[in-house]
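Colleague: Could you walk me through this one? I'd like to know what stands behind the labels you use.

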Number of protein chains: 2
Amino acid sequence: MPIKFTIIQKCPDTRARLGTLQTAHGTVKTPAFMPVGTQGTVKAITVDELGEMGIGLILSNCYHLFLRPGIEVIARHGGLHRFMNWDGAILTDSGGFQIFSLGGLRKIDDQGVTFTSHIDGSTHFLTPERVTRLQNMLGSDIAMVLDQCPPYPAGQNEVREAVKRSGKWARRCKQAHLREDQALFAIVQGGVYENLRRESAAELAEIGFDGFAIGGLSVGEPKELMYAALNYTVPQLPPEKVHYLMGVGSPDALLEGVRLGIDIFDCVLPTRIARNGRVMTAQGYLPIRNSIYSTDLSPLDEACSCPVCNSYSRAYIRHLLNAGEILGLRLTTYHNLYYLDRLMQEIRKAVSENRFEQYYREVSPSLKKMYGGVV
Amino acid sequence: MPIKFTIIQKCPDTRARLGTLQTAHGTVKTPAFMPVGTQGTVKAITVDELGEMGIGLILSNCYHLFLRPGIEVIARHGGLHRFMNWDGAILTDSGGFQIFSLGGLRKIDDQGVTFTSHIDGSTHFLTPERVTRLQNMLGSDIAMVLDQCPPYPAGQNEVREAVKRSGKWARRCKQAHLREDQALFAIVQGGVYENLRRESAAELAEIGFDGFAIGGLSVGEPKELMYAALNYTVPQLPPEKVHYLMGVGSPDALLEGVRLGIDIFDCVLPTRIARNGRVMTAQGYLPIRNSIYSTDLSPLDEACSCPVCNSYSRAYIRHLLNAGEILGLRLTTYHNLYYLDRLMQEIRKAVSENRFEQYYREVSPSLKKMYGGVV
């Protein structure tokens, strides 16, 4: 078994569950948020700092690494873990989402997808088999199937096509998947159409995978529609397998996702907004570049005990960002990742103490107020 | 006494000397190289990392901090140490050099200098008294006088004017200097004119300062001219005081400076070139962005035992820089600072073991070959 997922406790009132995900690179407590290291690094952060924060699982991206620096050079290092010097676990996304959202021209047929690189415009052809082999070469702990992710909004026919093709591709990925020490997760598509989500989930469950992701959400639809989709999709997934909601990282949506039965999440949100000077705090987003913080001696978040909040003032961090100093990006990124990790820790604690529903009722309204409107 | 400088050992063959510089924020072994933290941070590096490398003294810049974020906000934090969370020692440059090299318009008279900010074009007026008070407010361990730094090349008359004015200003700085826990260093000017250097040094020595810097070098003149100027200037400085060569950081020039009697140095070189992908190694500069390193599994410098060289390959670091990843800048910066710190450590060891001249003869030719031609 490449991974072992164990459900330790279930919330009696909601679908929230507490688990452990054992990998060849450590055991991760779930529900968990995965920081994103698209190009083989979580932006602005070292692997030592991730470890220091208690993070055990990160996401990287086969599509980006394929285009730059190329999978071959990573394989020569002995795989992605050694390339980036990370001894924790890695999930690699296939790049389906990136091919369909970043690329310029692309041509898709049943065989695979031809697309142009967002870096240099060069043309590439990827198939489910090839994407699987590339992830085999990367040696991530968890590989993802190649899927077709329709945009939002998309009509039912377009989404149905994507579901059908994603199903066929998932089957081919499974057949092509060779590494016994690497898990393979499927990706449920179906947009915001309940019938299509059910169809997609049923087909993928029937094929059988080590875990099941829900893709095609958090792509521009209102959050309530996303929650509705989770509500009818998650029960269709094999309950004993990992449930992964792709592209979600705002605190309110993480809490809601856990309530609806999600085990792992990923999103660029905490790191991306950090570089734009938007900081997550117990009081909501703090726009640290705002001039009102120019003489503020308090930490980013009074309620936070991260090394950044223990050591630096808002005025200092504002100055760093305003002056274009790299250290500013480091500090806000570190804090935001720490903030989300501590939120997940709190959520796990609530589930483990059989008080998740109470915790949800207490915390959700303010999280939605603070974080609900913005992405 | 704000600082205590003790010469522990002198090279019997050259002017090299080994010392300790005690400050209220720790004791620094000399000869030492000071990393530059112009805007209140050594670019891309945390204070914890500086400490980890064994660095005990950094330089910051009153001119830059005056323009942004303003000295008042730093004073509210209790000074620059607390603002940047650095418990090591700080030397603040007055900004004379910056006013004369960065500014657009400027008007100088005996009273002081009017200049426009390089950030927003706003107009400011600084006098020796004001610059001294601002550094008092910053609370650095060592403040520098305001000087007039002529460009290179400059005629003897222009340089003589600058020497005269810098002398008068140095006297006024000393009178205005109020903090007993802060040292004040003078800056010898005089360009590459021996008579003017002697004049400047004699006047400043007569006024009396806690240390003596040599300014107006490393401003574009050939290195041989700089060494010649050091050769006739250093002997004019009070021998028991710290000798500081401003703006020098290339390995060959550091070694030469020590030989000529310099105790401390500063330069943006190691951090600036790091961000451009130029790495200092035992084999000379390594242009890590070069495609020949794209599949190179070896560390930046085989001879280096820094955490970067222990953990990451050239191929990975090249990838990070090419992909615009902040981590790449962190790693090259860390390595370059470590490299220079270890060079100074080696130099100190050679002096302490009474074999500096031999060390110089062994090492200097290759350092000059590797680092002599480029800045």
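Colleague: What makes this a nonpolar core, and which residues have the most contacts inside it?

Modeller: Keep in mind that this is a predicted model. A nonpolar core is a set of buried residues of types such as Ala and Phe, joined through C-beta atoms within 7 Å. The largest one here has 240 residues. Those with the most contacts inside it are Phe185, Ala186 and Ala213 of chain A, along with B:Phe185, B:Ala186 and B:Ala213.

Colleague: What is B:Phe185 in contact with, leaving aside its neighbours within four places in sequence?

Modeller: For a contact, the C-beta atoms have to lie within 7 Å. B:Phe185 has such contacts with B:Ile142, B:Met144 and B:Tyr244, and also with B:Phe209, B:Asp210, B:Gly211, B:Phe212 and B:Ala213.

Colleague: How do you know how the two copies are related?

Modeller: Chain B can be laid on chain A by a turn of 180° with a shift of 0.0 Å along the axis, and the RMSD is 0.0 Å. The copies are therefore related as by a two-fold rotation axis. In chain B, the residue that comes closest to that axis is B:Ile326, with its C-alpha at 3.7 Å.

Colleague: Why do you say the copies meet through the same surface?

Modeller: Because 100% of the interface residues of chain B are interface residues in chain A as well. In numbers, 30 residues of chain B are in contact with 30 residues of chain A. On the chain B side, helix 3 (71–76), helix 4 (80–84), helix 13 (314–322) and helix 14 (326–352) each give two or more residues. Helix 13 of chain B gives the most, with five residues. By class, that side has 14 nonpolar, twelve polar and four charged residues.

Colleague: Why are strand 1 and strand 3 of chain A said to stand at the edges?

Modeller: Three strands of chain A form an open sheet in the order 1-2-3, with antiparallel pairing. Strand 1 (4–10) and strand 3 (26–30) each have a single partner strand, so one side of each is left without a neighbour in the sheet. Neighbouring strands are turned by 15° against each other on average, direction ignored.

Colleague: What makes strand 2 and strand 3 of chain A a pair?

Modeller: At least two bridges are needed, and five join strand 2 (residues 17–23) to strand 3 in chain A. So they count as paired. In strand 3, A:Lys29 is the residue opposite A:Thr20.

Colleague: And which helix lies across these strands?

Modeller: Helix 14 (residues 326–352) of chain A lies across strand 1, strand 2 and strand 3 of chain A, at about 120° to strand 2.

How values were computed. Residues numbered from 1 in each chain as written. Chains lettered and ligands numbered in written order. Predicted model: local features only at pLDDT ≥ 70, side-chain atom pairs only at ≥ 80, totals over all residues. Buried ≥ 20, exposed ≤ 12 C-beta atoms within 10 Å, placed from the backbone. Contact = placed C-beta atoms within 7 Å. Least-squares fit on C-alpha atoms with pLDDT ≥ 70 in both. Helix = DSSP H or I, 4+ residues; strand = E, 2+ residues; numbered from the N terminus. Axes fitted to C-alpha atoms, helices over the stretch in contact; angles between N-to-C directions. Nonpolar A, V, L, I, M, F, W, Y, C, P; charged D, E, K, R; others polar.
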